[in-house]
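Please find below my notes on the model under review. They are set out as numbered points, to be read beside the sequence and structure.

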Amino acid sequence: MSMNSASRPSKLAALLMPIALSACAASSPPAPPVIAKRPEATPLPASVSRIDPKSSELLLQKVDNYLLKLDALSLGETPR
């Protein structure tokens with residue numbers, strides 16, 4: 001009797017095996033590759049498009065001069 005109950009799982013596995021194998025064998029055609037689209041440009045908000053770039057030139061020149069001075073000062077430093 002113990003042999004009969006021990007063989008039940010193996011019988012169940014034997015019954016389910018062909019179903020599982022047939023599911024693996026029946027494959028659907030592969031999905032077509034996804035072709036990406038180029039992103040579209042987003043229009044600038046009105047508040048950004050009205051910025052005058054010339055108003056920043058003086059500040060940018062000051063920052064550039066500052067960085068050049070720092071570069072000149074750091075040339076004498078020994079790197080670690």
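1. Leu73 counts as exposed, because its relative accessibility is 64%; buried means under 20% relative accessible area, exposed over 50%, and partly exposed in between (1.4 Å probe, protein chains only). Leu73 is found in helix α3.

2. This is a predicted model, in which local features need pLDDT of at least 70, side-chain atom pairs count only at pLDDT 80 or more, and totals for chains, interfaces and linings use all residues. Residues are numbered from 1 along each chain as its sequence is written, and side-chain values use heavy atoms, with hydrogens and water left out.

3. The chain holds 3 helices and 0 strands, in the order α-α-α. Helices (H or I, at least four residues) and strands (E, at least two) are DSSP runs, numbered from the N terminus.

4. Helix α3 has 18 residues and spans 26 Å from its first C-alpha to its last, close to the expected 26 Å (1.5 Å times one less than its number of residues). The number of buried residues in α3 is 0, so this helix lies largely in the open.

5. Buried residues make up 0% of the 80 residues in the chain. The accessible surface of the chain is about 8,400 Å², with 66% belonging to carbon and sulfur atoms (Shrake-Rupley method, 1.4 Å probe).

6. The mean pLDDT (the predictor's confidence in each residue, from 0 to 100) of the chain is 80, and 85% of its residues reach 70 or more. Confidence is lowest in helix α1 (residues 2-25), with a mean of 72, and highest in helix α3 (residues 57-74), at 92. Where pLDDT is low, the predicted coordinates should not be read in detail.
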